[in-house]
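This briefing covers a predicted model with several chains. Look at the sequence and structure first, then read the points by topic.

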Amino acid sequence: MARLIISGVVVALLAGVAFGAPSLMSDYFVRILLIIALNSIFVLSLSLSNGFTGVFSLGHVGFIGAGAYLSGILSLTVAQKASLLPHLPAFMNWFSLPFLPATLVAGAFTAVLAIIVGYPLMRLSGYFVSVATMGFLIIVNVVLINASDFTRGARTFTGVPLDTSLPWVFGWLAVTLFVLWRLVYSPFGRRMKAVRDDTIAASAVGIDMLKTRLTAFAIGAFFAGVGGSLFAHYLGSFSPVTFYFAMTMNLIAMLVLGGMGSLSGALIGVICVSLLSELLRSVERGFTIGHITIPALFGASQIVLGFIFILIMIFRPKGIMGERELTFGFFRRSAKSQIKQGEV
Amino acid sequence: MTNINRRNALGLGLSTAFVLATTGRSFAADPIKIGFPANLTGNAASLDGPMLNGGKLAAAEINAAGGVLGQQIELVVYDTKSDATVISTVASQLIDSDKVVSIVAFSDSDSVLAIGPQIQKAKIPLITPGATSPKLPSQLGDEVFLACFGDNVQAAVGAEFALNNLKAKTGYLLTDIGTEYTTLLSDYFVKTYEHGGGKLLGKDTYKTGDKTFTAQIAKIKALPEAPGFIYAASLVDEVTLILKQLRQAGINIPVVGGDGYDSPLLLEVGGKAAENTYFTTHSYIGPGATPKVQKFMDAYKAAYKVDPENAFAALGYDAVKLMADAIKRAGVVDSAKIRDAIAATSGLDAVTGTISYRPGIAVPDKSVSVIGVKDGKLFLASEAAPSFVAEP
Amino acid sequence: MSGFEYILQQVINAVSLGSLYALVAVGLSIVFGVLKLTNFAHGDVMMVGAFTTVLLIGIGMPFIPALICGIIGAAFAGFLIERIAYRPIRNAPDVTRLLTSLAVTYILENFGILVFSSSPRNFPLPPALNDSWQLLDGAITFTNINILTLALTLVSLIGLGWFITRTTLGLGMRAASEDMAAAQLVGLDVNRLVIVAFVVASAFAGLAGVLWAAQAGVVQPQMGFTPLLKAFVAAIIGGFGSIEGALVGGFILGALEIFIVAFMPDAITPYRDAIVFSLLIAFLLFRPGGLLQPNREIKL
């Protein structure tokens with residue numbers, strides 16, 4: 001019962017912020033809030049494979065990009081398609097999908113893509129899977145640049161309706177959190193962690209390693225695709241380089257800082273890194289205005305973030321939260337003990 | 001926007017009265033704020049940096065001469081890090097927190113496309129000094145103006161220069177498929193060149209960041225008939241390497257390109273290999289420039305201790321001057337009036353040429369300079385308006 | 001130009017590109033062999049070497065001494081990185097170490113941007129090195145810097161071969177690469193061996209960085225990234241951790257990249273990088289030990 005009430009309160013609070021914020025806060029803060037929520041969807045979906053299943057993927061942004069492009073193509077009006085994408089195959093050029101269906105299709109597409117890509121790749125482990133998924137990211141980038149009939153190539157993909165608002169992102173964030181929470185703290189979640197912590201023992205007790213990893217990878221990719229669609233409808237225009245290594249680094253830093261085996265850790269990581277970046281960005285700028293002739297410290301924010309990252313790796317390799325969850329004493333206590341068992 | 005105006009007017013009135021009463025000097029307290037987001041780090045940094053310097057120089061000159069409408073102007077600068085997400089955040093900072101009245105922004109169309117929807121919604125006019133995609137105004141809306149010519153115009157001038165001045169009836173096309181700018185430039189070039197009777201013997205591509213072009217070059221060498229010239233739709237980093245490797249392979253035919261070449265690196269890195277290269281750009285900056293450009297070069301050198309790095313310095317300067325001119329003609333600090341004043345600009349004598357907008361067209365009619373390289377130096381090879389321009 | 005000359009020219013191009021990839025990949029493989037670390041910072045060590053050389057040439061030092069100083073500078077940078085960032089996490093899981101190396105990359109690259117700005121700057125190569133040779137009536141060309149690259153690649157690899165087979169330190173390094181625990185057991189100073197491995201690998205990175213920049217004509221803080229990615233592919237094709245493998249992989253990759261552009265239809269050439277990285281994935285899946293170690297076990 002307590003859980004239900006708490007969930008209700010949380011949902012009401014989120015809804016309040018989502019619908020109330022735009023009238024209370026300046027557009028700037030609304031945008032910061034929106035980007036934090038959007039990055040939370042990305043990082044949560046990343047944590048499923050990288051954190052809970054132990055498959056450290058560097059290719060997640062490839063799914064985000066694929067989702068963004070697909071949703072963008074589906075959402076253009078027929079007239080826009082004719083002018084922006086004149087060579088689009090006939091089966092795609094006669095209709096235009098609203099925001100929600102386009103997002104769902106994008107998610108479904110990236111999930112299927114993840115199954116196809118993951119079927120071979122999920123057999124790998126350790127740095128092998130990291131390097132292989134990095135290869136996937138590069139391949140996605142090359143395809144986005146060259147499949148110009150669909151993506152306009154390296155040219156900016158533009159004209160996507162700006163539908164992404166705070167309620168949309170908070171709504172999808174809530175769905176993501178709910179699904180992942182149910183998944184991670186379920187028997188399947190225990191299988192994921194078992195595969196992560198001891199592959200051989202997990203196989204010995206009859207866990208199908210490939211199936212477990214692949215499921216986690218595909219569900220993560222689904223939400224990456226959904227997030228990509230939200231991102232596309234937030235930016236309105238983007239190009240292949242938007243979905244490449246810079247974004248990958250950013251998401252990984254958020255995930256690792258917060259703690260790879262914890263959903264609330266992922267959220268905390270996103271919030272810390274986002275606020276810190278915004279803060280550092282204005283500090284950087286502070287030196288360039290007025291008559292102070294200190295040379296601009298552009299790039300300083302990235303250096304500070306990098307050092308914090310290394311310090312975390314050395315002194316707190318499991319991130320801020322490690323594998324604990326912030327539950328404020330509610331939800332199943334057993335969640336904690338489950339994780340304890342999972343630890344090596 | 002009415003709020004801002006009322007507050008500005010009130011502030012102006014009050015402060016003027018206060019200043020007059022206490023010191024007897026007329027000095028407006030509230031400056032006119034013009035947003036100036038720029039990619040000072042990341043991919044576009046080498047263009048936006050000089051552009052910002054040029055803009056600051058123009059603002060300083062305007063302020064030294066008493067400002068506009070009795071007010072000083074202030075450029076509100078942010079680094080947008082060549083990142084679309086940061087650009088959208090900065091746009092909201094400029095619009096909501098800094099309450100800028102207009103914006104001068106960016107040298108690449110990607111970034112202008114990223115900021116466009118927000119300024120369009122807030123009805124704040126934007127002048128881009130250097131984003132040369134002629135499609136921008138139609139893609140975004142009526143608040144967006146270019147201070148530079150469109151890529152279709154410069155590609156057309158490049159094609160006609162090859163046909164008429166170089167007498168090259170056959171050509172070879174090399175395109176960087178890694179950026180919007182080079183892809184567009186290449187498409188426009190083909191249209192004018194083939195319209196003018198030129199024949200392309202072949203086409204090849206590469207991607208921004210490639211270092212080795214020997215395979216592409218060997219293909220050119222293997223052509224049954226040598227082309228009269230090569231049009232390379234490239235950025236300066238790659239074109240210098242292409243030139244070196246071409247010349248090393250013994251191919252000495254002219255290479256023609258767009259304003260992406262306009263950087264000191266062309267001569268520094270290209271060295272002897274840069275000989276017989278021609279590029280279209282906004283204005284000729286260098287020894288023997290027109291007095292107008294020379295004056296700008298001297299002022300830039302005095303302010304920053306370096307010569308203007310490229311034409312984007314001059315474009316940044318021109319865009320701020322254009323904006324100030326429009327504010328002056330609008331008569332009030334009001335975004336809608338300023339927009340109309342920009343659209344009505346006619347015959348503004350700028351460093352990079354004369355700026356006029358035809359009714360309903362936000363890309364100015366400007367002449368294009370063709371610059372050549374000879375004996376390790378740049379020279380003005382031609383200055384022209386094209387006779388056939390491809391549709392945007 | 002006849003078909004034969006065209007092919008010959010492309011082979012020369014492939015060897016020239018391949019020798020650069022091989023140099024980078026060898027450094028990566030040395031570190032991977034000893035530490036089982038995928039060192040993303042290797043590309044930035046290349047950048048350190050190249051910038052050192054450029055700055056020294058800028059103050060009037062001739063090319064060859066500046067090159068040597070660049071190598072020393074890179075080696076020193078590698079030493080510092082190992083000491084400060086990698087040693088504290090030497091026994092951490094794979095992923096932690098991979099992430100730390102990513103963070104080091106991030107810091108070095110942005111530090112480079114802060115100090116030197118992200119705009120490329122000219123690499124003042126002596127003009128003599130840019131002179132080209134024309135054979136068969138100009139049908140075949142290559143430059144002095146191509147020859148220098150190939151020569152330095154061969155000399156440095158022969159030196160490396162001598163080092164790891166004839167010196168105590170080198171033998172120790174190889175022992176550590178085969179079995180770190182056993183090396184420790186027989187009384188080898190593992191810390192020292194790891195530092196030696198890093199210094200040697202970073203010296204290779206420095207050399208590769210200078211040559212890469214010399215061929216490109218420019219240096220910039222982000223320059224290490226592309227060669228690093230390519231070197232990963234090369235090292236994995238050859239067999240990650242194996243020096244001979246990295247060498248073979250580098251030349252194979254160089255040949256592959258050139259031949260895709262040279263002989264494939266125009267519709268396919270833009271997909272060059274996709275083909276290369278698909279090959280990487282294929283090797284990881286079907287031959288994780290690479291060409292030279294087909295039977296190596298890999299843990300799942």
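Helix H6 (residues 151–165) of chain B lies across strands E6 (170–176), E8 (229–233), E9 (255–257), E10, E13 and E14 of chain B. H6(B) runs at about 55 degrees to E13(B). Helices (H or I, at least four residues) and strands (E, at least two) are DSSP runs, numbered from the N terminus. Axes are lines fitted to C-alpha atoms, for helices over the stretch in contact, and angles run from 0 to 180 degrees between N-to-C directions.

**Conventions**

- The model is predicted: local features need pLDDT of at least 70, side-chain atom pairs count only at pLDDT 80 or more, and totals for chains, interfaces and linings use all residues.
- Residues are numbered from 1 along each chain as its sequence is written, while chains are lettered from A and ligands numbered from 1 in the order in which they are written.

**The sheet of chain B**

- Helix H7 (residues 180–195) of chain B lies across E6, E7 and E8 of chain B, at about 165 degrees to E6(B).
- Seven strands of chain B make an open sheet with mixed pairing, ordered E7-E6-E8-E9-E10-E13-E14. Two strands pair if DSSP finds at least two bridges between them.
- Strand E7 (199–206) and strand E14 (377–384) of chain B are the edges, each pairing on one side only.
- On average, neighbouring strands of this sheet are turned by 25 degrees against each other, direction ignored.
- E10 (residues 277–281) and E13 (residues 368–374) of chain B pair in the antiparallel sense over four bridges. Tyr278(B) stands opposite Gly372(B) in E13(B).

**Chain B overall**

- Chain B has 13 helices and 14 strands.
- Its C-alpha atoms fill a box of roughly 80 × 40 × 35 Å, taken along the principal axes.
- A compact globule of 392 residues would have a radius of gyration near 21 Å; chain B has 22 Å, which agrees. The radius is taken over C-alpha atoms, and the globule rule is 2.2 Å times the number of residues to the power 0.38.
- Buried residues make up 61% of the 392 residues in chain B. Buried means that 20 or more other C-beta atoms, placed from the backbone, lie within 10 Å of the residue's own.

**Chain C overall**

- Chain C has 12 helices and four strands.
- With 300 residues, a compact globule would have a radius of gyration near 19 Å, and the 19 Å of chain C agrees.
- In chain C, 55% of the 300 residues are buried.

**A helix pair in chain C**

- The axes of helix H10 (residues 225–238) and helix H12 (residues 272–286) of chain C come within 9 Å and cross at roughly 35 degrees.
- Val233(C), Ile236(C) and Ile237(C) of H10(C) are in contact with H12(C) through residues including Phe277(C) and Leu280(C). Contact means C-beta atoms, placed from the backbone, within 7 Å.
- By class, this contact of H10(C) with H12(C) has eight nonpolar, no polar and no charged residues. Ala, Val, Leu, Ile, Met, Phe, Trp, Tyr, Cys and Pro count as nonpolar, Asp, Glu, Lys and Arg as charged, and the others, Gly among them, as polar.

**Interfaces with chain C**

- 33 residues of chain A are in contact with 35 residues of chain C. Helix H7 (126–146) of chain A gives the largest share of the side of chain A that touches chain C, 12 residues.
- That side of chain A divides into 23 nonpolar, nine polar and one charged.
- 25 residues of chain B are in contact with 27 residues of chain C. The side of chain B that touches chain C has nine nonpolar, 11 polar and five charged residues.

Notes:
Contact = placed C-beta atoms within 7 Å. Buried ≥ 20, exposed ≤ 12 C-beta atoms within 10 Å, placed from the backbone.
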